[in-house]
Amino acid sequence: MAKDMILYWGSGSPPCWRVMIALEEKGLQGYHHKLLSFEKQEHKSKEVMDINPRGQLPTFKHGNRVVNDSYAACLYLENQFRSQGTPLILDGAEEQARMYQRMFEAQTFQQKLIDVLYYTWRVPEAERHDSAVKRNREALSAELQLWEQQVGEGPFLAGKSFSLADVIVFPIIACGVHFGLSQDRYPRLGQYYSLLKNRPSIMASWPPHWVENPQGMDTLEGL
């Protein structure tokens, strides 16, 4: 089944990484994949645009079925391969409610992280303002405080079992740590990161350029 799949992805992208974690957790190793460079605009190539007209990554195809949104791809993989690998949708009503809540509020977390990390890349120099940088950092700081309070009860995000909430959120937290987020200032997030970083599915899909350069930029230092 995995041989009928192809994933176009970029190293270090949380949306791409979460799909790779889901594939690993569902025992779908051996899928075809193609690593593309954002810097070289390879995600805008005809090969990708023919499948994903938005030219975004991840771009995922299983047989003739195309599922490009990372949330949709993770949900699709769990529902199509429910009986194999790790069950990623929890059974209990309380844990399932918490799982979906954490999954979808992670979109806000991810956007606020992007607003800080990629401000200078996305905003032309003439349009940049120190006030916007300050505002973005304050918004991310407030968001991190919320997640610091929410992590640590489980030990996973939705309870005692690894779930889609962890598949979705861990890459965001790991991206923050890579860019200098203090695990001392956010000890619960740091503990959660340390708990999951050695999980086989996460180690198998760890961003290759992070392996080559473990210490990222210090963009989030002091946040």
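**View 1. The largest nonpolar core holds 66 residues, with Leu23, Phe60, Leu77 and Leu220 making the most contacts inside it.** Such a core is a set of buried Ala, Val, Leu, Ile, Met, Phe, Trp, Tyr and Cys residues joined through side-chain atoms within 4.5 Å; buried means under 20% relative accessible area with a 1.4 Å probe, protein chains only. Among the elements giving it two or more residues are β1 (5-9), α1 (14-25), α3 (70-80) and α7 (164-178). The largest share, eleven residues, belongs to α7. Domain 1 (2-80) and domain 2 (93-212), with bounds from an automatic or database assignment, each supply at least three residues. The model is predicted: local features need pLDDT of at least 70, side-chain atom pairs count only at pLDDT 80 or more, and totals for chains, interfaces and linings use all residues. Numbering starts from 1 along each chain as its sequence is written, and side-chain values use heavy atoms, leaving out hydrogens and water.

**View 2. Here is helix α7, with 15 of its 15 residues buried.** Helices here are DSSP runs (H or I, at least four residues) and strands are E runs of at least two, numbered from the N terminus. From first C-alpha to last, α7 reaches 22 Å, close to the 21 Å expected at 1.5 Å a residue, a span counted over one less than its number of residues. At Phe170, α7 bends by about 30 degrees, and Pro171 follows within four residues; the bend is the angle between axes fitted to the seven residues ending there and the seven starting there. Just after α7, Gly180 has a positive phi of about 100 degrees.

**View 3. Leu220 meets Gly180 and others.** Setting aside neighbours within four places in sequence, Leu220 is in contact (heavy atoms within 4.5 Å) with residues including Leu113, Arg137, Gly176 and Gly180.

Conventions
Buried < 20%, exposed > 50% of the residue type's maximum accessible area, 1.4 Å probe, protein only.
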